[in-house]
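User: I'd like to learn how to read helices in a model like this one. Could you walk me through it?

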Amino acid sequence: MDQQAFIALLNEDLESEYRSIVQYVQHAATIKGAEYLSIIEELKKHLGQELTHATTLAEQIDFLGGVPSVRVPEVPVATDGAAALQLDLELEQEQLRRYRERVEQAKELGLLDVGEALRPLLQQTQDHVMDLQTVLGK
């Protein structure tokens, strides 16, 4: 893999974060029911972290000489609480897998500073997965 291919993958990660932002905004606004009150506040917290993830990715893409994407992938609509949270979990699990790969790829390319910038995203995404698994009883 070369640096340009790595930048392309980072842009895919950035687009995934854009999807997360839109998805969390919709879910935090539409999920209803007493059983979801605490998770709605947690989703709002996740939302802020997703924005930070997007900003970090955009900065790393620019640092490497790329242009940060502005494309937002299609966002599935779900207003049922359990279905919405399952979508969130699946997206976070995919992002976790991708961030693990990205940290390793940065290391392989000798971009240790980029890998270190991505580590907080990896940790927070892992926390999001655990939060959502807990809520969904998984």
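This is a predicted model: local features need pLDDT of at least 70, side-chain atom pairs count only at pLDDT 80 or more; totals for chains, interfaces and linings use all residues.

User: Which residue just after H2 takes a positive phi?

Analyst: That's Gly65, with a phi of about 95 degrees.

User: How do I check a helix's length, say for H4, residues 112–135?

Analyst: Compare the expected span with the distance between the end C-alpha atoms. At 1.5 Å a residue, the 24 residues of H4 should span 34 Å, and the end C-alpha atoms sit 35 Å apart, so the two agree. H2 (residues 37–63) passes too, because its 27 residues should span 39 Å and its ends are 40 Å apart.

User: Where does H4 kink?

Analyst: At Leu118, by about 30 degrees, shortly before the proline Pro120. Leu118 is also one of the buried residues of H4, which include Gly115, Leu121, Leu122 and His128.

User: What covers the buried residues of H4?

Analyst: The cover includes helix H1 (3–30), H2 and H3.

User: Which residues is Leu91 in contact with, leaving aside neighbours within four places in sequence?

Analyst: Ser16, Arg19, Ser20 and Gln23. As for Tyr36, 55 residues from Leu91 along the chain, the C-alpha atoms of the pair are separated by 19 Å.

Conventions
Residues are numbered from 1 along each chain as its sequence is written. Side-chain values use heavy atoms; hydrogens and water are left out. Contact means heavy atoms within 4.5 Å. Helices (H or I, at least four residues) and strands (E, at least two) are DSSP runs, numbered from the N terminus. The expected span of a helix is 1.5 Å times one less than its number of residues. The bend at a residue is the angle between axes fitted to the seven residues ending there and the seven starting there. Buried means under 20% relative accessible area, exposed over 50%, partly exposed in between (1.4 Å probe, protein chains only).
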